[in-house]
Amino acid sequence: MSKIQAAITAVGGYVPEKILSNKDLEKMVDTTDEWIMSRTGIKERRILEDGRATSDMAVMAVNELLKKRGIGAEEIELVICCTITGDLIFPATANIVCDKIGAKNAWGFDLAAACSGFLFGLETGSKFIESGMYKKVIVIGGDKMSAILDYTDRNTCIIFGDGAGAVLLEPNNEGIGICDSILRTDGSGREFLHQKAGGSLKPPTIETVTAREHYVYQEGKTVFKFAVTNMAEVSKEIMDRNNLQSEDINYLVAHQANKRIIDATADRMGVGSDKVLMNIQRYGNTTNGTLPLLLWDYEKQLKKGDNLILSTFGGGFTWGAIYIKWAYNS
Ligand code: UT7
């Protein structure tokens, strides 16, 4: 019997309507559109309104996906929600999503690996499919980054935005789907990108709030250095391991943290800019949302049998690459 592989068979996505442009940010912090564009490639990002949460964006993405695939929520067996901005500390946002969409036969859990979460979730979900015991697994990647951003800190508030995407994984026996993965973590990198308070190390107090410790803290230059090296290396490594030459790659689907990091990764892989999926200019860095939102935006362009390399780098540090043979024409 041929090996069961997990194939992505549908994609959904959602970004909030409200746009926060670089021009808007110029009025909030000491920055310029020119600085942000030249250093990051970001022009604008989306912001979810108060009172709505990560699960609301995830629900929109999943409902779109179910509609496209023509299946009901009760057919879903497992939901993995990759996020660092869950609705609540507990229970898991996956549970909330299952309740809101009516996935009565599913169980689920959240997966936290910062910007690499969706990639790690894809690998996790694929193993349930490959086991032969699961036929329909949903992997969500989404974050309401605006909930943990300090809009007086120009180092971080210009980078991130809100959004969510989701994919459906189903079994495939034709050699199509998730073919290989290389995933890495290095906890010693945690000091350079984290949220200082709110966890068990430093529970919330008046002092932590006053000290603005519930926001993203990042030493950008250091993270940039590690990101640019590791994302490029792991992307090349997965190509070599699968005997893929530059011309064999149809698309690079890279985490949208900084256009300069994405360009360096493409250079290392030897792929031209025409093969690099990019939407950082419109959404900024949506953390867990970047990869599924790229697949969502470019879905129509992807053809059955296309070779995709997905790669990420994020807080933790976490990074990795996944090689996918795309499963369908839409
Ligand atoms: O997704 C998770 C992983 N995260 C990443 O991959 C992010 C990696 N890091 C980066 O993308 C970049 O480091 C940033 C975009 C965050 C910053 O760009 P940079 O080229 O590394 O700038 P920098 O931090 O070295 O700062 C250069 C200068 C500094 O001024 P001085 O000290 O040279 O006078 C900053 O104070 O730019 C200043 N600066 C700004 N100026 C205008 C920092 N932020 C801003 C700003 N507007 N928003």
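Predicted model: local features only at pLDDT ≥ 70, side-chain atom pairs only at ≥ 80, totals over all residues.
1. Residues are numbered from 1 along each chain as its sequence is written, and side-chain values use heavy atoms, with hydrogens and water left out.

2. Helix α3 (residues 54-69) packs on helix α4 (residues 93-101) at about 50°, and their axes are 9 Å apart. Axes are lines fitted to C-alpha atoms over the stretch in contact, with angles from 0 to 180 degrees between N-to-C directions; helices (H or I, at least four residues) and strands (E, at least two) are DSSP runs numbered from the N terminus. The pair is therefore oblique (under 35 degrees is roughly parallel, over 145 roughly antiparallel, 65 to 115 roughly perpendicular, the rest oblique).

3. On the α3 side, S55, D56, A58, V59, V62 and N63 make the contact, and α4 supplies T93, I96, V97, K100 and I101 (heavy atoms within 4.5 Å). By class these are six nonpolar, three polar and two charged residues (Ala, Val, Leu, Ile, Met, Phe, Trp, Tyr, Cys and Pro are nonpolar; Asp, Glu, Lys and Arg charged; the others, Gly among them, polar).

4. Another cis bond links G316 and F317, at about -5°; F317 sits in the loop between β12 (307-314) and β13 (318-325).

5. Helices α8 (residues 220-241) and α9 (residues 259-269) have axes that come within 9 Å and cross at roughly 30°, so they are roughly parallel. This crossing is right-handed. The contact includes F224 and M231 of α8, and I261 and M269 of α9; its classes are nine nonpolar, two polar and four charged residues.

6. Please look at the largest pocket too, with a volume of about 1,100 Å³. Of its 39 lining residues, I84, T85, I148, Q195 and A197 lie nearest the centre. Strand β9 gives the largest share of the lining, three residues. The pocket is an open set of points on a 1 Å grid over the protein atoms alone, where a 1.4 Å probe fits, with protein on both sides within 12 Å along at least five of seven lines; lining residues have an atom within 4 Å of a point. Volume is the space filled by probe spheres set on the points, which are joined across faces, edges and corners.

Key
Left-handed = near helix turned anticlockwise from the far one by under 90°.
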